[in-house]
Amino acid sequence: MSKKIVILDYGSGNLRSAERAVARHGVDVTVTPDWDAAVEADGLIVPGVGAFSACMTGLRSVRGEQIIGRRLSGGRPVLGICVGMQILFAKGVEHGVTTEGCAEWPGTVERLEAPVVPHMGWNTVDAPDQTVLFKGLDAGTRFYFVHSYGVRRWELQPDPMGHLKPPLVTWAEHGDRFVAAVENGALCATQFHPEKSGDAGAELLKNWLSTVE
């Protein structure tokens, strides 16, 4: 039986390009807003483009934040992409307006401080040791970014008792540092677009799919 992957359709994101990129790995891919399909799939991908607030409105319209929470409570893999990563944080601030996110991680999505915004094009990343997403990829590997906002500070504090494995946070630079990817148990996310990142993105998706059972 091939792995069943759902790409959550909530009115935002590069759905078809993501669908094609994942399907190349021989898995069964469905694009749908359906609650049952999204909750029960082996793996869920949450894409996103555009404004944080608009994505959250669309996500809530299909109970997407509840779908993500339900899956994570059962340890079932979720991958957020671009704004689909951003909405996993506590809040986004755009043009002085604050919008609540899914709050899977503390932190604020805010405008990048850089000479040129948006950050558009290919960039390298600084991945930590023991990474799964970037396994087999060289340090100089480049990925494709398109965004004006990002998470510039990682705010999740370490578990003082040492019972919880800390997330693996990957960084990139454009003006200053911002979070480029996170690996946190069943929850992973990338600020860049793996589906638009050629062979490197294909390898990253392959690595993520290896975590899907």
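Thr-99 touches Phe-52, Ser-53, Met-56, Ala-90, Lys-91 and Gly-92, residues up to four places away in sequence not being counted; contact here means heavy atoms within 4.5 Å. Thr-99 belongs to strand S6 (residues 97–100), and its relative accessibility of 14% places it among the buried residues. Buried denotes under 20% relative accessible area, exposed over 50%, and partly exposed in between, with a 1.4 Å probe and protein chains only. Helices (H or I, at least four residues) and strands (E, at least two) are DSSP runs numbered from the N terminus.

The model is predicted: local features need pLDDT of at least 70, side-chain atom pairs count only at pLDDT 80 or more, and totals for chains, interfaces and linings use all residues. Residues are numbered from 1 along each chain as its sequence is written, and side-chain values use heavy atoms, with hydrogens and water left out.

**Aromatic pairs and charges over rings**

The structure holds nine aromatic pairs. Rings of Phe, Tyr and Trp (its six-membered ring) pair if their centres lie within 6.5 Å; planes under 30 degrees apart count as stacked, over 60 as edge-to-face and the rest as tilted. One of the pairs, Phe-89 with Trp-105, is tilted, at 5.1 Å centre to centre and 55° between the planes. This pair links distant parts of the chain, with Phe-89 in strand S5 (residues 89–94) and Trp-105 in strand S7 (residues 105–111), 16 residues apart. Phe-89 is buried at 0% relative accessibility, and Trp-105 is buried at 1%.

The ring centres of Phe-145 and Phe-192 are 5.5 Å apart and the planes stand at 70°, so this pair is edge-to-face. Phe-145 lies in strand S9 (residues 142–147) and Phe-192 in the loop between strand S13 (187–190) and helix H6 (198–209), 47 residues apart. Phe-145 is buried with a relative accessible area of 0%, as is Phe-192 at 0%. Phe-134, Phe-143, Phe-145, Phe-178 and Phe-192 form one aromatic cluster.

Two arginines have the charged end over a tryptophan ring: Arg-63 over Trp-35, 4.1 Å from the ring centre, and Arg-177 over Trp-171, 4.0 Å from the ring centre. The criterion is NZ of Lys or CZ of Arg within 6 Å of the ring centre and within 35 degrees of the ring normal.

**Helix H1**

In helix H1 (residues 15–23), Leu-15, Ser-17, Ala-18, Ala-21 and Val-22 are buried. Seen down the axis of H1, the buried residues fall within an arc of 165°, so they line one face of the helix; the arc is that of the directions from the helix axis to the C-beta atoms. Their cover includes strand S1 (4–8), strand S2 (28–32), strand S3 (43–46) and H6.

**Salt bridges**

A search of the whole structure finds six salt bridges, each a side-chain nitrogen of Lys or Arg within 4 Å of a carboxyl oxygen of Asp or Glu.

Lys-4 in strand S1 and Asp-28 in strand S2 are 24 residues apart. Lys-4 is partly exposed at 40%, and Asp-28 is partly exposed at 30%. Arg-16 and Glu-19, three residues apart in helix H1, are separated by about one helical turn.

Asp-176 lies in strand S12 (residues 176–184) and Arg-152 in the loop between strand S10 (149–151) and strand S11 (168–174), so the pair ties together parts 24 residues apart in sequence. Arg-152 is buried at 17% relative accessibility. Salt bridges that share partners join Glu-110, Glu-113, Arg-152, Arg-153 and Asp-176 into one network.
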